[in-house]
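I would ask everyone to look at the sequence and the structure together while I speak.

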Amino acid sequence: MTKPAAREPQRRNARSNRARILATARRELGRNPDTTLEELARAAGVVRRTLFGHFPGRAALLEALAEEASEVLRGAMADAAEATEPADRALAHFTLLMWPVGDRYRMLLALARHDLGVERVAEILAPARAEVTAILERGQRDGAFPAHLPPAALSAGLEAMIVALLEQVNAGVLEDDGTRAAVATLIAAGVPQRRARTVVEGVGPTVPAKPVPAE
């Protein structure tokens, strides 16, 4: 009769170990995509057998990170601006929503060049890319953004800039809560600097404070 009660602490401990391994993987793989599973186990404070009990190999660990990122991204996108919102405000809103998600999972882009696979990363990012492209298309039709580039190409350029800014934050060169990135995004999309700052200042307080799960 005591076995079920004994299992629950074991389950909690297993969940805690799994969460700690994933958090360590996000951090360490962000620093060095070639970090080995043995190195991750040591950094997470677990024995090798514990890590392999949760993730039989590197591919399983990376897929768990990919699925976690996909879930967090979908959750953040639930708070995207309404389609009736002006396009420049919608783009600022979306950038501010995505900034903490990108900060947490930017290492997946580096892993795409290693063994996660470009296709899997593209699958994860597809909803966000489609949303930004739609906002840019609408903004170009409405005159909020100049049509100097096709929306899909402009979206790819904005994504690359955001990733570069996140890396600068990681390197300690830039401090940003997403506000500066949102202003830069609007300017890169063709919004005059003064208008971009005004839009971001107005949108910032309306973005739901939904931080990604704690480490």
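**A buried valine and a pair of helices**

I begin with V132, which is buried, its relative accessible area being 12%; the cut-off for calling a residue buried is under 20%. Please bear in mind throughout that this is a predicted model.

Where does V132 lie? It is part of helix α7. Leaving aside residues up to four places away in sequence, V132 touches L91, F94 and S155. There is also A152, 20 residues from V132 along the chain, and the C-alpha atoms of these two residues are separated by 8.5 Å.

Let us stay with helix α7 and turn to its partner. In general, two packed helices are described by the angle between their axes and the distance between the axes. Helix α4 covers residues 58–77 and helix α7 covers residues 118–142; their axes come within 9 Å and cross at roughly 10 degrees. Angles under 35 degrees count as roughly parallel, and therefore α4 is roughly parallel to α7.

Which residues of α4 and α7 meet? On the α4 side they are E63, A66, E67, A69, S70, L73 and M77, and on the α7 side R120, I124, L125, P127, A128 and E131.

Finally, I turn to an annotation. An unreviewed UniProt entry places the feature "DNA-binding region" at residues 36–55. In the model, the chain over residues 36–55 is 75% helix and 0% strand, and the end C-alpha atoms of that stretch are 13 Å apart.

Technical notes. Residues numbered from 1 in each chain as written. Predicted model: local features only at pLDDT ≥ 70, side-chain atom pairs only at ≥ 80, totals over all residues. Heavy atoms only, no water. UniProt positions renumbered as here; feature names shortened; annotations may be inferred. Helix = DSSP H or I, 4+ residues; strand = E, 2+ residues; numbered from the N terminus. Axes fitted to C-alpha atoms, helices over the stretch in contact; angles between N-to-C directions. Parallel < 35°, antiparallel > 145°, perpendicular 65-115°, else oblique. Contact = heavy atoms within 4.5 Å. Buried < 20%, exposed > 50% of the residue type's maximum accessible area, 1.4 Å probe, protein only.
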